[in-house]
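Please open the model in the viewer and keep the selection panel at hand.

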Amino acid sequence: MERQQQAERAAPAAPSFGVALIWWFKLGCISFGGPAGQIAVMHRELVEMRRWISEKRFLHALNYCMVLPGPEAQQLATYIGWLLHGARGGIAAGALFVLPSLALLIGLSWGYMAFGAVPAVAALLWGIKPAVVAVVAFAAWRIGKRVLRNGALWALAIAALLAIAVLRLPFPAIILAAALLGALGGHWRPSWFRSGGGHAAKAGEHWPALIDDDTPPPAWARFSWRRLAGIAAIGLALWALVIGIVVAVYGFDRVFTPMALFFSKAALLTFGGAYAVLPYVYQAAVEHYQWLSAPQMIDGLALGESTPGPLIMVTAFVGFVGAWQHAGIDPFLAGVIGACVATWFTFLPSFVFILAGGPLIESTHDNLRLTAPLTAISAAVVGVIANLALFFAWHVFWPAGVWSAPDWPAVVLALLAAAALFSQRLGMMPVLGLCALAGLVRYALS
């Protein structure tokens, strides 16, 4: 027993690249529940169970990803993969976070366009949506429990919730205000905004992680202007190369080139994750370019919510359907190309941000002037995640509008899912599966 306890208290062995590759692929296949659920899965697996990274280093990386444009959960996976195995580890982790979802969405989009709406599929989605409400609420609770360590951080989280839910302030403005308050608070009340350190199995214990609080950055994570410029140049070259291929093969007028340019721009404006940018994508894809209709866009959002990977993968659905309807070539081939174009230009900047900016962030662990704003941002993001849970609940429980009667079976299903998650009797995947089964049973009995 004593030998076992000593082994548990020792830092775990470094995973090989192959072992990490298998785990990142698994994450890409099970990452349901939007960014909050995905971050919670990574925290449980990488911080609590495998101890590949400490709580403090995990939150430090998460804070950086929160202020970047793009999908923060995918960027966090890229960051941790990069810390573990360098550039190849970051690229593999980020790509495997996306590729299973891309393959699945291509298949679902083809079925959607080829066969239309199927009642059984609608029933499946009906069961999944209440589960997603519970998953996001549970994730907000788990992350808030670790981030909100004092009254000042609680106040920031509540203010962020009210700002986005009541005042309808844009997410970038909330993040900027939180960062400013954190900078001021770090100067006047530094104890309120110090990063939390360590992870413990029991109060007072600290079980070392592979990348622990005081582990020095590896050689590839040391900042240099030359490395930053080189990675930025490679990213720009890859963007220009694919744009050039699309233009050379399909010209400027066919749908693929406007898609490439639009999703390049959207990727740089996605502060706040998918829900912050979806209105922009909707406006452009439906109203300006008219690649697809409003009902199709809503159906795409439902598919995106019920598949693994970042919710911003709904852009792959937009690319598939838009190209299917407007490319003027074989519809399936056009759809696949459209989905891949949308995915490439949506996610390429995320890899550049992490591989180029990560070394600078790794040099700021103990610099309170930089960590205090990031701590404040983490607190604000808890409020934003709570708002996301409310947003889901509003649309799932009152699908016909707030003045209509609530969908009581959906409410009951969400409460049961929440009870299972908060009691930790079931994991996220079993809860999602059982709720999907409940949707099918409801359809069969109706």
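This is a predicted model: local features need pLDDT of at least 70, side-chain atom pairs count only at pLDDT 80 or more; totals for chains, interfaces and linings use all residues.

Which residues form one aromatic cluster with Phe262? Select Phe263, Tyr289 and Trp291, which form that cluster together with Phe262. Residues are numbered from 1 along each chain as its sequence is written, and side-chain values use heavy atoms, with hydrogens and water left out.

Rings of Phe, Tyr and Trp (its six-membered ring) pair if their centres lie within 6.5 Å; planes under 30 degrees apart count as stacked, over 60 as edge-to-face and the rest as tilted. By this rule there are 19 aromatic pairs.

Next, select Tyr64 and Tyr79: the ring centres are 6.3 Å apart and the planes lie at 65°, so the pair is edge-to-face. Both residues are buried (under 20% relative accessible area; exposed is over 50%, partly exposed in between, with a 1.4 Å probe and protein chains only).

Move to Tyr250 and Phe256, whose ring centres are 4.6 Å apart with planes at 50°, so this pair is tilted. Tyr250 is partly exposed, at 22% relative accessible area, whereas Phe256 is buried at 0%.

Finally, colour by pLDDT. The protein averages 84, and 88% of the residues score at least 70. Residues 197–204 fall below 50, yet this stretch has 19 contacts (heavy atoms within 4.5 Å) beyond near neighbours in sequence.

How values were computed
pLDDT is the predictor's confidence in each residue, from 0 to 100.
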